[in-house]
Amino acid sequence: MVVCPVSVIAVYDAKTGNICKYINPAAEANSLLVISLVLRAAAKLTDLVLISDEQQLSIQRRYPYPPEIIASINHESSLLESIPIEVIHIPASLEKAVDSLTLNVASTGYYLDVIARELGVTDASNVLISRIIGKASSEMRIYSSAPKQLPFDDLSEPKDKQASHFEGSLNVRASYFTGQEVYGDAILASVGYTWKSTDLFREAVSLRSYYRMLVNKTPSGIYKISRDAILAAKLPSAFTTKSNWRGSFPRDILCTFCRVHHLSEPVFSTQSNLLDASLDLPGSRKKLKVTQSSEDGTIEAGIGTSTQDSVGPIGTFSCEVKIYSKNQELILQCSPQESHRKQTDAMQSTSLKVLSWLNIFFENPDISLEKLKLLAEKLDINFTPHSLFKEFSLCHSMHNFGSSRPHACIDNADVDEPSFIDIGGQNSGVTPSNGSLASISYSVSLFREGDCMKEHLESCEEFEFEIGNEAVLPHLETVVVQMAVGQSAYFRVELPPSEFILAAAGDSLATLSLLSSRSCKLEYSITLLQVTEPLEDRMEQALFSPPLSKQRVEFAVQHIKESSAASLVDFGCGSGSLLDSLLSYPTSLEKIVGVDISQRSLAKAAKSLHSKLNALVDSKEPSSKIKSAVLYDGSITKFDSRLHGFDIATCLEVIEHMEEEDACLFGGIVLSSFCPRILIVSTPNYEYNVILQRNTPHGQEDDPDEKNQSQSCKFRNHDHKFEWTRAQFEDWATDLATRHNYNVEFSGVGGAVDVEPGFASQIAIFRRRDDNVTNVELADPYVPIWEWSREDRLPPKEP
Ligand code: SAH
Ligand code: MG
């Protein structure tokens, strides 16, 4: 070729590009600047090249190539067919829709000339080529027309002045993808000649791939794409364990995020503290006040020597991450205090915090700076508003989240309930609970209400996710937790932002035509295939028969019987396993109450208690004297006078799910205000974990590097905030009892008291010393969410 567009040199000749960046760093993001520099240099090489004197950005060789070179290129142009290339047209005006387009390149023609014509300019020398978008290995670029006049003379003039050389206006969408300023209409295409090849490389770019690229710009979108489940998956709210995580890991998502936004690679710094577990609460996740000396890792601690047995060293890691712009301006920094047993967990967890926060920023265009700051504080994030808004200035005009959904992710309020169609099939009784892995098959369609037109969008034969971690669309989880293995369900929800729908849709045209009619919903059809129980349950089942949970219930029932209690309150009743089992035993109970903060668990409890109680009444068996049952939504760290002075109170495997301060708060309130005659509290014995973990067949749930960590120190359940040793539990309980005039004795289930390391579940039984309970102040913060009474159920007596 004798004439060469300068934009081709600027983009494809890496050496020239680098020299230009060296001369002027602004050339990195401004291809026009590169072109100017190249033209300027070329103007000095008058003996080799010519610069056309028209407004053409091209360079011409003064002397043609020798004939042997031309012959070697060997154009076999006998076929006069044209090559069709599917590209995307991105109008400068945001009002106009992005659409797909087919370019036809004659086999003898030059593809850049065809693109030029489509952009309304004469030929290839007037086309600007962007850098690569997306994967470095792709050839995806944005093409736009060059300005009529180049800013030759004064390269240092301010940007907005340079912009005025352009006829068109800023193309927001194209600029958002390239991170470079693009003016006027643009074309997104994957085409070009690869190194030393004379065949034109080209790849169809569909509307779907355009929307996938758009979705891939947000943290949650990157996760969705990595799971190939755009309409089902959601960036999980917490990093629990590596084995429960599905899709790209937070750290990789963060790196992808930085790359697609043309930021520097995130900078991680991890800190490790090797701790001696015996020095402080071994089960506690809190950072201990221990410093590690730099030379040999010996430990200095300001705490007196311990009398307790050591549980073994815990390696704890914390991780900080910093995000910089390409010019090394600090955008944000996240420095959480929590420590993790493994370095990678610390990195993943910190990355996820950053991603969650960024996602809120992306999905809520109207969020105020104050709210953003408040949320950042909660996540241990510090950010520079100026740099943040500068780097992401275009994102809110690109993603139209705000228009269709209210601030769902901030206030965490479940948006509109799904309109239910049906849960069908046999109830196998196997239901998912928090922390378990659910495996489903699903299919999502666009559904038009008027004429029941349907367009299939996305489906998956086997899709696995962790329950209770917001890893999927909220409605999907709401429905799945009500299902049993083998059952299927249908439901419809309001439409998500259309970028998601179009990123999932196979047939964009059919989808667009349905979407334009405005009365559409998404219809999900799901089947629950399998449930893998949380590790804690699997560990307990592997070792104990009957299962530990059953043994706890039996322990409580035994005490209820012995005490002839008439009223019982179960603090942290969960999905009602204790209340439910109680009904299978003859007891003297007349009133039973459950309290929990999980509405989802309470809903489950209500469902099973309701049918069980009704069945009891109908069977007319005298086994149960229960007259009333109530479930309250409330935190057990608050007092409610309706539950004052009960005969017996239980709190099984709950305190370890609260922060230690709250566990202490609860202890005080329950004995000083609720004043039950008897209180039974159970919690895991941390010292027993070694045995539980040794006896659990290590399936896929553990990484190989964990296997040789013999003194495994992890908790039984990722939701546990702490696990106490016997000594810690006894200290807590004894101190409480003394302060509130109770006696306390210790027992447990699983294992034995006199065999090390004691019971698997440790239990404290508190008994009130005096019988006259004082009056208490009225308070009713709990919200009753379900009530049952025998009278309502009994048929009216016949006259
Ligand atoms: N007692 C049940 C559930 C144990 S799981 C059983 O033995 O099966 C722990 C439960 O404690 C969860 O249901 C959780 O929602 C609840 N919980 C945690 N913190 C709470 C709080 N502050 N107030 C009430 N319930 C709480
Ligand atoms: Mg627990």
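Colleague: What makes Glu139 buried in this predicted model?

Modeller: Glu139 has a relative accessible area of 15%. Buried means under 20%, so Glu139 is buried. Glu139 sits in the loop between strand E6 (127–129) and strand E7 (140–145).

Colleague: Which residues does Glu139 touch, not counting residues up to four places away in sequence?

Modeller: The residues in contact with Glu139 are Tyr12, Ile132, Ala189, Ser190, Val191 and Phe201. Contact here means heavy atoms within 4.5 Å.

Colleague: Why is Asp228 called partly exposed?

Modeller: The relative accessible area of Asp228 is 48%. Exposed means over 50% and buried under 20%, so Asp228 falls in between and is partly exposed. Asp228 lies in the loop between helix H9 (219–227) and helix H10 (250–260).

Colleague: What is the phi of Asp228?

Modeller: Phi of Asp228 is near 50°, a positive value in a residue other than glycine. Most residues other than glycine have a negative phi.

Colleague: Is Glu653 buried or exposed?

Modeller: The relative accessibility of Glu653 is 12%. The limit for buried is under 20%, so Glu653 counts as buried. Glu653 is not a glycine, yet its phi is positive, about 55°. The residue belongs to the loop between E24 and H24.

Colleague: How do you know which protein atoms are donors of the magnesium ion (ligand 2)?

Modeller: The protein donors are Glu656 (OE), His657 (NE2) and His720 (NE2), which lie 2.3 to 2.4 Å from the magnesium ion. The cut-off for this metal is 2.8 Å, so these atoms count as donors. Water is not among the atoms, so the site may look incomplete.

Colleague: What spacing do the donors follow along the chain?

Modeller: The spacing is E-H-x62-H. Distant parts of the chain are linked by the pair Glu656 and His720, which are 64 residues apart. Glu656 is in the loop between strand E24 (648–652) and helix H24 (660–674), and His720 in the loop between helix H26 (704–707) and helix H27 (726–739). Both Glu656 and His720 are buried.

Colleague: How do you know that the length of H27 agrees with its number of residues?

Modeller: H27 has 14 residues, and at 1.5 Å a residue these should span 20 Å. The expected span uses one less than the number of residues. The end C-alpha atoms of H27 are 20 Å apart, so the two values agree.

Colleague: Which residues of H27 are buried, and what do they pack against?

Modeller: The buried residues of H27 are Arg726, Gln728, Phe729, Trp732, Ala733, Leu736 and Ala737. They pack against H24, strand E25 (678–684), strand E26 (742–749) and strand E27 (761–768). An α-helix has 3.6 residues a turn, so residues three or four places apart point the same way. Just after H27, Asn741 has a positive phi of about 65°.

Colleague: What makes Cys319 and Cys675 buried?

Modeller: The relative accessibility is 3% for Cys319 and 7% for Cys675. Buried means under 20%, so Cys319 counts as buried, and so does Cys675.

Technical notes
Residues are numbered from 1 along each chain as its sequence is written. Chains are lettered from A and ligands numbered from 1 in the order in which they are written. This is a predicted model: local features need pLDDT of at least 70, side-chain atom pairs count only at pLDDT 80 or more; totals for chains, interfaces and linings use all residues. Side-chain values use heavy atoms; hydrogens and water are left out. Donors are N, O and S atoms within 2.8 Å of the metal (3.2 Å for Na, K and Ca); water is not among the atoms, so sites may look incomplete. Helices (H or I, at least four residues) and strands (E, at least two) are DSSP runs, numbered from the N terminus. Buried means under 20% relative accessible area, exposed over 50%, partly exposed in between (1.4 Å probe, protein chains only).
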